[in-house]
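Have the structure open as you read.

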Amino acid sequence: MSKNKQGKKHIHILDGMSLYTRDKSPFYWGYLNIDGEIYKKSLKTTDKKEAERLLFLWKNELFTGEVAKDADALNKTDLIEANNHKVDNTRRKALMITSGLMGAVTVTGFAVPFLSAWNPSEKAKALGASVKFDLSKLDPGAMAVVEWRRTPIFVVHQTKKALENLPKLNDRVTDPALSEGVARSSNDKFTVLKGVCTHLSCAPKYHPEIEPKAWDEEWLGGFFCPCHGSKFDLAGRVYKGVPAPINLEVPPHSFDGDTLIIGEPA
Ligand code: FES
């Protein structure tokens with residue numbers, strides 16, 4: 001078990017299965033990482049053994065679609081084997097909706113102008129094809145979330161002020177990534193990032209405001225991951241001293257005038 005500065009305790013159960021609790025909140029939370037998609041929910045118990053049992057039951061429910069009436073009928077071996085089976089895409093889609101993790105719940109949480117392009121065609125999703133996004137819809141300072149290969153992609157329209165501020169953070173980030181350009185983009189206005197925290201794959205929140213924040217009194221805008229407090233600047237560069245080890249990833253993408261093409265490298 002590990003415990004961070006905020007008093008959050010992380011208990012690793014198996015690959016992709018964790019429990020969390022905090023000093024202030026007695027309930028255990030269950031986290032599941034299924035093929036890079038994170039599912040979390042409160043297990044509403046303060047008992048670790050019970051939390052572990054509920055975590056396994058929940059995982060089984062996700063894989064089979066059945067709620068086990070008899071908890072003792074399940075054992076770890078069955079569930080670990082279930083983990084090796086591919087989740088059916090239809091079921092996965094349903095889970096995305098019912099678990100409310102990376103979809104609407106996340107995107108409506110942004111406090112800034114926001115555009116969602118979360119609806120590529122089913123065919124495009126199935127093929128993992130490239131996805132196009134019209135950048136002319138995006139005002140300076142706004143961010144859009146575009147789904148590509150079932151991954152949320154953050155598209156940020158950088159403001160002039162943001163571009164001026166990014167070099168000021170070079171000393172505060174782990175990897176300044178100077179070779180990638182000031183906004184880590186070949187375009188001087190738009191930054192394109194995978195919206196997946198590089199710690200345990202939560203969805204970081206977009207906070208472009210330049211103002212003191214609870215997590216940083218000298219905040220110059222960026223992304224904050226509420227799961228364990230990782231901070232990234234507006235170019236997705238991770239701050240020093242947070243749980244996330246590396247910068248937010250930049251997906252392959254290219255620009256064609258006002259069109260962003262995600263999935264096709266320049
Ligand atoms: S998932 Fe842990 S800080 Fe983001």
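## The disulfide

Start with Cys202 and Cys227: their sulfur atoms sit 2.0 Å apart, and the two form a disulfide. Keep in mind that you're looking at a predicted model. A disulfide is a covalent bond between the sulfur atoms of two cysteines. This structure holds one of them.

What handedness does the link of Cys202 and Cys227 have? It's left-handed, with -95 degrees about the S-S bond. Cys202 is in the loop between strand E10 (190-194) and strand E11 (205-207), while Cys227 is in the loop between strand E12 (222-225) and strand E13 (230-233), so the bond ties together parts 25 residues apart in sequence.

## Buried cysteines

Are Cys202 and Cys227 buried or exposed? Both are buried. Two further cysteines deserve a look here. Cys197 has 4% relative accessibility, so it counts as buried, given that the cut-off is under 20%. Cys225 is buried as well, with a relative accessible area of 1%.

Now for the rings. How many aromatic pairs does a search of the whole structure find? The count is six. One of them is Trp219 with Tyr239, a stacked pair whose ring centres are 6.0 Å apart, with 20 degrees between the planes. That pair links distant parts of the chain, 20 residues apart: Trp219 lies in the loop between E11 and E12, and Tyr239 in the loop between E13 and strand E14 (253-256).

Both partners are tucked away from the probe's reach by the numbers. Trp219 counts as buried because its relative accessibility is 1%, and Tyr239 is buried with a relative accessible area of 2%.

## A three-stranded sheet

Last stop: a sheet. Its three strands run in the order E7-E15-E14, and the sheet is open, with antiparallel pairing. Strand E7 (131-134) and E14 are the edge strands, each pairing on one side only. From one strand to the next, the twist averages 25 degrees.

Strands of a sheet pair through backbone hydrogen bonds, in either a parallel or an antiparallel way. Here, E14 and strand E15 (residues 259-262) run antiparallel and are joined by four bridges. Which residue in E15 is the bridge partner of Ser254? That would be Ile261.

Definitions and conventions: Residues numbered from 1 in each chain as written. Predicted model: local features only at pLDDT ≥ 70, side-chain atom pairs only at ≥ 80, totals over all residues. Heavy atoms only, no water. Disulfide = S-S within 2.5 Å. Helix = DSSP H or I, 4+ residues; strand = E, 2+ residues; numbered from the N terminus. Buried < 20%, exposed > 50% of the residue type's maximum accessible area, 1.4 Å probe, protein only. Phe/Tyr/Trp six-rings, centres within 6.5 Å; stacked < 30°, edge-to-face > 60°. Pairing = 2+ DSSP bridges. Axes fitted to C-alpha atoms, helices over the stretch in contact; angles between N-to-C directions.
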